[in-house]
Amino acid sequence: MIRLEDISLTFPDGSDRITAVDHVTLSSSPGEVTAITGPSGSGKSSLLAVAATLIRPDSGRVVIDGVDATTLTADRASELRRTSIGIVFQQSNLLPSLTAHEQLVVMNELGGGRPRRRRAAATRRAESLLRDVGLAEHLDKRPHQLSGGQRQRVNIARALMNEPSVLLIDEPTSALDQERGASIIDLLLRLTDERRTSTLLVTHDLVHLPRMHSVVQLVDGRIDHPAAVTR
Ligand SMILES: Nc1ncnc2c1ncn2[C@@H]1O[C@H](COP(=O)(O)OP(=O)(O)OP(=O)(O)O)[C@@H](O)[C@H]1O
């Protein structure tokens, strides 16, 4: 479960500060996708970075599985990210020289400890995840040999590699046509349900919103309609 409580975030702007997120409260429970939507500059990506514990808010709490991440040291926050949070950023940051399968296995190496046993288990898990996202035929392809939608599937599988309880996804359909975008949303809804992740999905693609469990609309960093739209 992830809960953002009364989050505010400002950035320096010359001698002043700009408010990117203004007293936002939202949550997502296991098996749910909460969509965060709103116009460009409304604070969606900033809020996701706060949820990912990559930016500390000026005020408010980020509670992940009962732990207030805003009180953790940098080391503990990075441990929490590695064990509990899967992140799919807007730009794919797949490594050009690695195959789809290697992109996932390398995630595991970053964790350290017992490399041999972990590697065998990681190899199997990577293969099973890639099959689950529909890439059984593409395990050994490098990013340039994959389509945009397939690369996005590798990103999603990679984010699930460490069995996160929280999944954070920024604009997964922005580079895809409507049909491929819809199939990525299908995949995210299914994976969220089957793997019981608490998912936050940033999108300005209104067509997908009716399929989400709840929708939070931001305008100028604030929630526009506090009542969540429930499916
Ligand atoms: N690192 C930063 N330094 C200063 N201002 C920032 C920074 N990041 C974001 N902002 C400002 O915070 C506000 C919210 O930006 P943010 O990127 O979160 O919006 P967004 O809704 O994700 O936009 P988009 O849909 O265009 O990605 C904007 O006014 C932006 O200019």
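**A chat about strands and helices**

Visitor: Hi! Could we start with strand β8: how many of its residues are buried?

Guide: Happy to! This is a predicted model, and in it β8 (residues 198-202) is mostly covered, with five of its five residues buried.

Visitor: Which residues sit on which side of β8?

Guide: Ser198, Leu200 and Val202 are on one side, while Thr199 and Leu201 are on the other. Both faces are covered. As background, side chains in a regular strand alternate between the two faces of the sheet.

Visitor: Nice. And how many bridges join β3 to β8?

Guide: Four bridges link β3 (residues 33-37) with β8, and the two strands run parallel. If you want a spot to look at, Thr34 stands opposite Leu200 in β8.

Visitor: What about β7 and β8: parallel or antiparallel?

Guide: Parallel, with five bridges joining β7 (residues 166-170) to β8. For example, Asp170 has Val202 in β8 as its bridge partner.

Visitor: Which helix does the chain go through from β7 to β8?

Guide: Helix α6 (residues 178-195). This β-α-β crossover is right-handed.

Visitor: Let's stay with α6. At what angle do α5 and α6 pack?

Guide: At about 15 degrees, and the axes of α5 (residues 148-159) and α6 are 10 Å apart. Angles under 35 degrees count as roughly parallel, so α5 is roughly parallel to α6. The crossing of α5 past α6 is right-handed.

Visitor: Which residues meet there?

Guide: From α5 you have Gly149, Gln152, Arg153 and Ile156. They meet Arg180, Ile184, Leu187 and Leu188 in α6.

Visitor: Changing topic: in what order do the four strands of the open sheet come?

Guide: The order is β2-β1-β4-β5, and the pairing is antiparallel.

Visitor: And which strands stand at the edges?

Guide: Those are β2 (16-28) and β5 (67-68). Each has a single partner strand, so one side of each is left without a neighbour in the sheet.

Visitor: How many bridges join β1 to β4?

Guide: Five bridges connect β1 (residues 2-13) and β4 (residues 59-64), which run antiparallel.

Visitor: Last one! Which strands does helix α1 lie across?

Guide: Helix α1 (residues 44-51) lies across β1, β2 and β4. Relative to β1, α1 runs at about 120 degrees.

Key:
Residues numbered from 1 in each chain as written. Predicted model: local features only at pLDDT ≥ 70, side-chain atom pairs only at ≥ 80, totals over all residues. Pairing = 2+ DSSP bridges. Contact = placed C-beta atoms within 7 Å. Axes fitted to C-alpha atoms, helices over the stretch in contact; angles between N-to-C directions. Buried ≥ 20, exposed ≤ 12 C-beta atoms within 10 Å, placed from the backbone. Right-handed = clockwise from strand over helix to strand, strands pointing away. Parallel < 35°, antiparallel > 145°, perpendicular 65-115°, else oblique. Left-handed = near helix turned anticlockwise from the far one by under 90°.
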